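Hello,

Here is the structure I promised to pass on to you. Have a look at it first, and then read my notes below.

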2 protein chains.
Amino acid sequence: MTQKFEFLSKNQQIIYDIIENAKEPLKAYSILYSVKKKGIKAPPQVYRALDRLIKMGKIHKIESKNAFIACKNSNCTISNATAFSICDSCEAITEISNLKLSKYLANFQDDTGMRYNKYNLEFFGLCRKCKKNKS
Amino acid sequence: MTQKFEFLSKNQQIIYDIIENAKEPLKAYSILYSVKKKGIKAPPQVYRALDRLIKMGKIHKIESKNAFIACKNSNCTISNATAFSICDSCEAITEISNLKLSKYLANFQDDTGMRYNKYNLEFFGLCRKCKKNKS
DNA sequence: ATCGCTATGTTATATTATAACATATTTAAT
DNA sequence: ATTAAATATGTTATAATATAACATAGCGAT
């Protein structure tokens with residue numbers, strides 16, 4: 001069961017399925033709880049699968065929430081360019097796929113000349129629903 | 001000792017000074033260790049000060065590292081727009097102040113029409129030093 | 001002077017993540 | 001087929017990060 005890029009190992013598949021079917025980003029320990037019935041019993045099993053799914057670009061970590069979300073870009077094979085929209089009120093989180101934005105950031109160079117091979121961007125605000133409810 | 005925006009309380013000042021004088025971002029528990037001699041003994045005291053310093057814009061949290069860094073924009077009063085450059089090798093972290101970038105991101109609108117009042121961007125790559133050492 | 005607010009102090013505990021080691025499975029070379 | 005190397009899994013314990021909950025103290029306005 002050694003791993004080609006395209007294939008997921010047993011635990012990886014179990015954990016990916018749960019994240020993929022979730023309506024919101026999931027926390028590691030909530031995943032752990034969900035997979036206990038499938039025989040995955042300990043944190044390292046979950047974290048190992050998460051780490052590898054991230055490296056493969058199948059999921060992303062929302063750093064500000066310590067939560068994990070499936071990648072919606074079907075062609076995303078390496079998670080080196082991520083942007084998320086996060087509602088401060090209802091915590092709804094969606095991945096932003098915006099070609100202009102990703103091009104802009106992929107090509108960004110700072111004053112030091114340092115070149116980047118990866119970025120993560122998290123936007124915060126109120127989603128439409130929550131904006132309405134407030135007014 | 002009630003708090004105007006400009007003034008720091010005792011604990012806030014102690015903790016800000018340490019972060020400000022550090023050469024690299026500091027972790028909460030390393031700060032806690034440093035301030036034990038000053039009478040700050042428990043995590044909540046540190047985390048409360050950190051939270052408030054963040055709200056005031058005096059420091060920022062590097063989400064991917066759980067570390068805290070002083071804001072270098074002398075005029076930054078609210079930490080609603082942050083961008084960092086992180087070296088994957090030596091972990092050197094610097095805040096990016098780039099007017100073009102901040103304007104671009106402040107004005108960014110996604111397809112849903114959601115408007116953002118805050119963002120955090122973290123770029124990863126190799127800094128010049130580390131790039132040289134590798135070649 | 002006392003009420004409300006902010007800040008501080010303190011203990012305990014929750015949450016997130018990894019170290020370290022053992023076993024098993026797969027792959028690929030011989 | 002046999003075996004070595006690499007990958008994946010299982011397991012226990014613990015490290016690292018963060019917050020809940022409650023108590024006390026200081027300030028600032030009426």
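**Two helices in chain B**

Please keep in mind that this is a predicted model. In chain B, helix H1 (residues 10-21) packs against helix H3 (residues 43-56) at an angle of about 75 degrees, and their axes are 9 Å apart. That makes H1(B) roughly perpendicular to H3(B). By class, 8 nonpolar, 3 polar and 1 charged residues take part in this contact. H1(B) brings B:Asn11, B:Gln12, B:Ile15, B:Tyr16 and B:Ile19, and among the residues they meet in H3(B) are B:Val46, B:Leu50 and B:Arg52.

**The strands of chain B**

Strand E3 (residues 67-70) of chain B pairs in the antiparallel sense with strand E1 (residues 26-27) over 2 bridges, and with strand E2 (residues 59-62) in the antiparallel sense over 4 bridges. B:Ala67 in E3(B) is the bridge partner of B:Lys27 and also of B:Ile62. E2(B) and E3(B) form a hairpin with 4 residues between them, and B:Asn66 in the turn has a positive phi of about 50 degrees.

In a regular strand, side chains alternate between the two faces of the sheet. In E3(B), B:Ala67 and B:Ile69 point one way, B:Phe68 and B:Ala70 point the other way, and all are buried.

**How the two chains relate**

Best wishes

Terms used: Residues numbered from 1 in each chain as written. Chains lettered and ligands numbered in written order. Predicted model: local features only at pLDDT ≥ 70, side-chain atom pairs only at ≥ 80, totals over all residues. Heavy atoms only, no water. Axes fitted to C-alpha atoms, helices over the stretch in contact; angles between N-to-C directions. Parallel < 35°, antiparallel > 145°, perpendicular 65-115°, else oblique. Contact = heavy atoms within 4.5 Å. Nonpolar A, V, L, I, M, F, W, Y, C, P; charged D, E, K, R; others polar. Buried < 20%, exposed > 50% of the residue type's maximum accessible area, 1.4 Å probe, protein only. Pairing = 2+ DSSP bridges.
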